[in-house]
Amino acid sequence: MTEQYHLDVLRQGIDVWNQWRQEHHSIQPDFSGMDFRGAQLSRVNLSGARLNGADLSRADLKESLLIRADLSEAILSQANLVRADLQGANLRAAILSNANLSEAVLSDADLAGALLTGAEVTGTDFSGADFSEADLSGLDFSRANTHGARLGKAYFSRRADMLLDDSSRESLREDTQPGQRQQGNQRVGIDAEDLDERVHEDWANDE
């Protein structure tokens, strides 16, 4: 449940919010289910925040701190996450389609069941990330760091797995047993038709 006080502080601006976070670093901000569509949140400190089910589509989160944040089932489609730090973040079943993840850090992030189709991942650090049952259709990992990432149960198309580094391809071969890889367009996560059924609060209003 979203804490109204946290929202009130955030509305005062990123500088005020970041200063408040520094002074109250033990508090876990709760913005679960919030509607942040198109919000300007670059360089915001949301480390450890609860953002599960939040709508951050088209939001500007450039260089933001989202370390160990809970973004499970969040919508981040077309979000700007360039150089954002999402180390250890929970992104289970999150929608990151067409998001810009260039040079972002997602090491040890949980991306199980996430949708990343069309995402930009140039220079992205995915080391140690869990992609179990994630949809990675058409992604170009050739310029990303996927060392130690768990990719065995991920869904690929257009032979995107050939764009992985050598160690990740070896891990993919070891983890994927006959019959395990998903067929067709089936995936675990949130279907596009479910998006309209989500209920979000308008972050620009008090209610």
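Is Phe36 buried or exposed? I found Phe36 at 1% relative accessibility, so Phe36 counts as buried (buried means under 20% relative accessible area, exposed over 50% and partly exposed in between, with a 1.4 Å probe and protein chains only).

I noted that this is a predicted model, in which local features need pLDDT of at least 70 and side-chain atom pairs count only at pLDDT 80 or more, while totals for chains, interfaces and linings use all residues. Residues are numbered from 1 along each chain as its sequence is written, and side-chain values use heavy atoms, with hydrogens and water left out.

Next I looked up the rings, and the structure holds 7 aromatic pairs (rings of Phe, Tyr and Trp, the last by its six-membered ring, pair if their centres lie within 6.5 Å; planes under 30 degrees apart count as stacked, over 60 as edge-to-face and the rest as tilted). Tyr5 and Trp20 form an edge-to-face pair, with 6.0 Å from centre to centre and 70° between the planes. This pair links distant parts of the chain, since Tyr5 lies in helix H1 (residues 4-10) and Trp20 in helix H2 (residues 14-23), 15 residues apart (helices are DSSP runs of H or I, at least four residues, numbered from the N terminus). Trp20 counts as buried because its relative accessibility is 8%. The rings of Phe31 and Phe36 have centres 5.6 Å apart and planes at 85°, so this pair is edge-to-face. Ring pairs link Tyr5, Trp17, Trp20, Phe31 and Phe36 into a cluster.

Last, I checked Arg21, which lies in helix H2. Leaving out residues up to four places away in sequence, Arg21 touches Ile27, Pro29, Asn45, Leu46 and Ser47 (contact means heavy atoms within 4.5 Å).

Key. Helix = DSSP H or I, 4+ residues; strand = E, 2+ residues; numbered from the N terminus.
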